Amino acid sequence: MVESVSALERIIEIEVLRYRPEQEAAPVAQSYRVPFTDDMSVLQGLQYIKDHLDGTLSFRWSCRMAICGSCGMMINGKPQLSCQTFLREFYPGKLRIEALAHFPIERDLVVGVDDFIDKLASAKPWLIPREPRSLEQGEYLQTPRQLEQYEQFSSCINCLLCYAACPQYGLDSKFTGPGVLALLHRYNADSRDHGREQRMPLVNSLEGVWNCTAVGYCSEVCPKGVDPANAVNQNKVNSARDYFLRFLRPRAEGK
Amino acid sequence: MSARRPYMRPMNGWWRRDPFFVRYMVREATALVVALYAVVLLAGTLCLARGETSWNAWLALLRTPASILLHLLMLVAMIYHAYSWFEIMPKTLPVLFIGGRRVAGTTITRVGLIAAALATLVTLAVAWTLRP
């Protein structure tokens, strides 16, 4: 009992990089002292600030259980989902929170994701069947091995942590980036899909896989166990094969 | 009129922000050392082609303390490069199956490191047997 009371009295310092475009030319740090319990996530710490200390603080969140992908931010310099990172990990030290790296800050912890959304569509992330099928033809059959080729890549929740971990994207945002290329591979590697030829121009392009220098941090920070670095680098092989095979097997007209 | 004024943060010194990036930069930098050692070997081959005097001069150069120190430094860089190279190897390979089971990334790294160690030992053994 005594222990739980003292646990409630613990106070952690949270420093947030704030940016209010109508008020500041560049982001500034602001510190808050937040009482917390062992079961409180960083997101709950931010909600405490907004509810009790400073209602002007802006951040995105929704599900609180690592599935919506809204609450990614830099926590002590690492891209993490704030809903599955706990304040107790940092106590008695302080916590420094910043908007996801490599994206433009709109306000406080909110970043502009328009670039990612546009890229997402360019990868055609949906099944493109070989020919139209009717319901009477029944479901597609797939072996466990065929499933394994793409299954982990289908866990992506578009949280953008991999983009915040990718210096190549930070240095040149024309790069399609880890998340979209992993999703592209998720469909190319699916035995039900036949859209590979439509997606290869993006893979092969200057903005495609060859911009990746195999830093590998994208796979390290992914909260859903996706391995974008693997997807991108497998497609360097596919892209090279595509390049050389065109001499042996010319593409159909207009492709 | 839009009140939006998106702020882009600079990328200056990005590779010092995280130890992961520092290790990446060391991996990339040690690749230059691998290239440098290839140049040393190439110089030896050219000296060999030019005749005995050149060859002996190259050998004598290798025996100088400065050269030995340089080689020790290159050895350290080369070992780190080999380690980091096999560490990233699982990321560059397609999904592998052996006996119906997926091969784990750590297994790929380990097999690579063991292969590199064996190749080094075999090379050393051959060099030792063929020494004059």
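Let me begin with a pair of helices in chain A: H8(A) and H10(A) are roughly perpendicular to each other, a label that covers angles of 65 to 115 degrees, with under 35 counting as roughly parallel, over 145 as roughly antiparallel and the rest as oblique. The axes of H8(A), residues 196-204, and H10(A) come within 10 Å and cross at roughly 105 degrees, where axes are lines fitted to C-alpha atoms, for helices over the stretch in contact, and angles run from 0 to 180 degrees between N-to-C directions. From H8(A) the contact draws on Met200(A), Val203(A) and Asn204(A), and from H10(A) on Asn235(A), Asn238(A), Ser239(A) and Asp242(A); contact requires C-beta atoms, placed from the backbone, to lie within 7 Å.

Before going further, a word on the model. It is predicted, so that local features need pLDDT of at least 70 and side-chain atom pairs count only at pLDDT 80 or more, whereas totals for chains, interfaces and linings use all residues. Residues are numbered from 1 along each chain as its sequence is written, and chains are lettered from A and ligands numbered from 1 in the order in which they are written.

Turning to the domains, the assignment for chain A, which is automatic or taken from a database, gives domain 1 as 2-111 and domain 2 as 114-248. Their C-alpha centres lie 32 Å apart, and 14 residues of domain 1 are in contact with 13 residues of domain 2. On the domain 1 side, strands S3 (72-75) and S4 (78-81) of chain A are the elements giving two or more residues, and S4(A) provides the largest share, four residues.

Now to the partner chain: 28 residues of chain A are in contact with 22 residues of chain B.

The C-alpha trace of chain B spans about 80 × 50 × 25 Å along its principal axes.

Terms used
Two residues are in contact if their C-beta atoms, placed from the backbone, lie within 7 Å.
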